[in-house]
Amino acid sequence: MDPLEHLDSIAAYAQDPDFEPSQSILFDLDGCRFPNHGYAEMRAVAMKSRRTFLAQSANVRHACFVTDDVTYGMCRMLQMLLDDAPWETENFHSRAEALDFMQLDHGHPDYAAFADRWLGYRRPAWAARAQQAGARALQP
């Protein structure tokens, strides 16, 4: 998926009756690639972001989770292009740091399930086996 396709999906969600402009957005850009790797592409993404999220308040946060250095650099360029936007945007290599940045309500009934899903997302099979083996080793 390229960034404009990603924004198209967010723009479609913004048309949903349940969407509220005060909602923060956690972008999972794992596997998202920037085909042109340049300023023009990032400028197009920034312009589309502004049109889509113009009504958002200053309390809104956009966290971008990225896994590779090229995508991180492109997101840094995007962050600079959106520096004067009313929302705060940060980029992260860590899922946990991105989640912390969002300042979500840990007491919300859905928070634990969401955090578990987000933090365990695409965990390799070997990591799950290692965790299970560690849990068995701790049992009497």
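**View 1. Residue classes in the lining of the largest pocket.** The lining of the largest pocket comprises 6 nonpolar, 4 polar and no charged residues, where Ala, Val, Leu, Ile, Met, Phe, Trp, Tyr, Cys and Pro count as nonpolar, Asp, Glu, Lys and Arg as charged, and the others, Gly among them, as polar. The model is predicted, with local features requiring pLDDT of at least 70 and side-chain atom pairs counting only at pLDDT 80 or more, whereas totals for chains, interfaces and linings use all residues. Residues are numbered from 1 along each chain as its sequence is written, and side-chain values use heavy atoms, with hydrogens and water left out. The lining residues are Tyr 13, Ser 22, Gln 23, Ser 24, Ile 25, Leu 26, Asn 59, Met 102, Leu 104 and Phe 114. A pocket is an open set of points on a 1 Å grid over the protein atoms alone, where a 1.4 Å probe fits, with protein on both sides within 12 Å along at least five of seven lines, and lining residues have an atom within 4 Å of a point. The volume of the largest pocket is about 320 Å³, taken as the space filled by probe spheres set on the points, which are joined across faces, edges and corners.

**View 2. The second largest pocket.** This pocket holds about 170 Å³ of space, and its lining consists of Leu 104, Asp 105, His 108, Asp 110, Tyr 111 and Phe 114. By class, these divide into 3 nonpolar, 1 polar and 2 charged residues.

**View 3. The parallel sheet.** An open sheet is formed by 3 strands in the order E1-E2-E3, with parallel pairing; strands (E, at least two residues) and helices (H or I, at least four) are DSSP runs numbered from the N terminus, and two strands pair if DSSP finds at least two bridges between them. Strand E1 (25-28) and E3 are the edge strands, each pairing on one side only. E1 and E2 pair over 4 bridges, and Leu 26 stands opposite Ala 63 in E2. Strands E2 (residues 61-65) and E3 (residues 88-92) pair over 5 bridges, with Glu 90 in E3 as the bridge partner of Ala 63.

View 4. The side chains of Arg 95 and Asp 28 form a salt bridge at 3.3 Å, N to O (a side-chain nitrogen of Lys or Arg within 4 Å of a carboxyl oxygen of Asp or Glu). Because Arg 95 lies in helix H4 (residues 95-101) and Asp 28 in strand E1, the pair ties together parts that are 67 residues apart in sequence.
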